[in-house]
Structures are given as C-alpha cells and as structure tokens.
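Here is a short report on one protein model. It covers charged pairs, strands, helices and surface.

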Amino acid sequence: MNKQITLVTGYLGAPIREHSINFAKASNFSLLDLDEEIVKKDGRSIIRICMMMGEHEYRNKEYDILNEIKENPNKFIGDKEGLVVMCGDGVLYDEMSKALADNFDIRICGDDMSEEELWQNAKTIQNSYHAFLNFGSEEDKRAKFHDFYQRQKAFYDSLGGK
C-alpha cells in the first residue's frame, strides 16, 4: 500500500500548525513538525543551530530528515494512513530539499488569506525567526512584511498550484 506524505508550509502569518494538525487528524495521518524533529535529533534549538553553524547547516538538517522520510516513510507513518510534515517555506527554497519535497503532496497554507490578514497574524508572532518582525517601527515592519509577502507570493505562484 502506497502511503501519502503531505508537506504543509505556507505564508508568514498563515495558520500552518493549525492546518497541519487538523489535516492530519481528519486524514488519519501521523504529524511531524520538521523543526521539532531537528531539535530532537540535534539537541540544539533552531536559533542556536543557525547562530553557531549558519542557516546552511539548518537547511542540511531539513534535507537529511526529508531524505529519511522518503527512504523509510513507515518509520514516521507508523500505523496511520500517511504523514503530514509541517515546515517553514525555506524547505522549498533549498534546491536539494525542494527536489525531495517534489516526491510529496505540497500544501501551501494561507493562499486563501489576504495580505492584511497574514500581516495581522504575523505581527503577533513572538520571537520570530524573521528579524524584520523583531526590530523597527510598525511602519518599517509592515513595509518589510509587504516585500516578503510579495516574494513568497511570486515563489508560490511559480510552483504552478502545487
């Protein structure tokens, strides 16, 4: 039996965690938070990995786990019907991880939300990995969010509805 693997990512400010949990429950899928899995395997927080080793090391760890999922999906799926992998969109920007992710169903969360709705959610994120949300005036943060949103939208549109 071929079990489905779905990667859920999305716009900054989108309810990725909520969507992933609900989709996993409704589909009788296991749920894996990619960042939590990295922390579990490495023993350091994502911020710590990036500070000590750089973002590239973090992306390498994402790739390693995605490759492990592709090579041995039953280890992560268990007795469920499939697996939901919850992650940030950086996975899709990394060429090697994107090539692995193309083996999975990819869901983009937040594509049904307006930029303003996403901004209202994003500005409430505590300790965001996105530095622009942590520093500067409200106007500066909003302008930087707009630029980031436009880049995300162009990227997601380039995926062709995947």
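A network of salt bridges links Asp42, Arg44, Glu57 and Lys61. The model is a predicted one. By the rule used, the salt bridges number 17.

| Glutamate 37 | Lysine 40 | 3.5 Å |

Take the pair of glutamate 37 and lysine 40. Both sit in helix H2 (residues 34–42), three residues apart, about one turn of the helix. Glutamate 37 is buried, because its relative accessible area is 9% and buried means under 20%. Lysine 40 has 64% and is exposed.

Glutamate 116 is partly exposed at 38% relative accessibility. Arginine 142 is also partly exposed, at 22%.

**Helix H8**

Which residues of helix H8 (residues 115–122) are buried? They are Glu115, Leu118, Trp119 and Ala122. Their arc around the axis is only 100°, so they lie on the same side of H8. Helix H9 (138–158) is included in what covers these buried residues.

**Strand E1**

Strand E1 (residues 4–10) is mostly covered, with six of its seven residues buried. E1 pairs with strand E3 (residues 82–86) in the parallel sense, over five bridges. Here threonine 6 stands opposite valine 84 of E3. E1 also runs parallel to strand E4 (residues 105–109), joined by five bridges. Threonine 9 has isoleucine 108 of E4 as its bridge partner.

**Loop and surface**

Asparagine 28 lies in the loop between helix H1 (16–27) and strand E2 (29–33). Its phi is near 55°, a positive value in a residue other than glycine. Asparagine 28 is partly exposed, with 34% relative accessibility.

Which residues form a nonpolar patch on the surface? Ile47, Met51, Met52, Met53 and Tyr129 do, with about 570 Å² of accessible area together. Isoleucine 47 lies in helix H3 (residues 46–53). Isoleucine 47 is partly exposed, at 40% relative accessible area.

Technical notes
Residues are numbered from 1 along each chain as its sequence is written. This is a predicted model: local features need pLDDT of at least 70, side-chain atom pairs count only at pLDDT 80 or more; totals for chains, interfaces and linings use all residues. Side-chain values use heavy atoms; hydrogens and water are left out. Patches are made of residues with over 30% relative accessible area and no salt bridge: like charges are joined within 9 Å, nonpolar side chains (Val, Leu, Ile, Met, Phe, Trp, Tyr) within 5 Å. Accessible areas come from the Shrake-Rupley method with a 1.4 Å probe; for residues, only the protein chains shown count as cover. A salt bridge is a side-chain nitrogen of Lys or Arg within 4 Å of a carboxyl oxygen of Asp or Glu. Helices (H or I, at least four residues) and strands (E, at least two) are DSSP runs, numbered from the N terminus. Buried means under 20% relative accessible area, exposed over 50%, partly exposed in between (1.4 Å probe, protein chains only). Two strands pair if DSSP finds at least two bridges between them. The arc is that of the directions from the helix axis to the C-beta atoms. Contact means heavy atoms within 4.5 Å.
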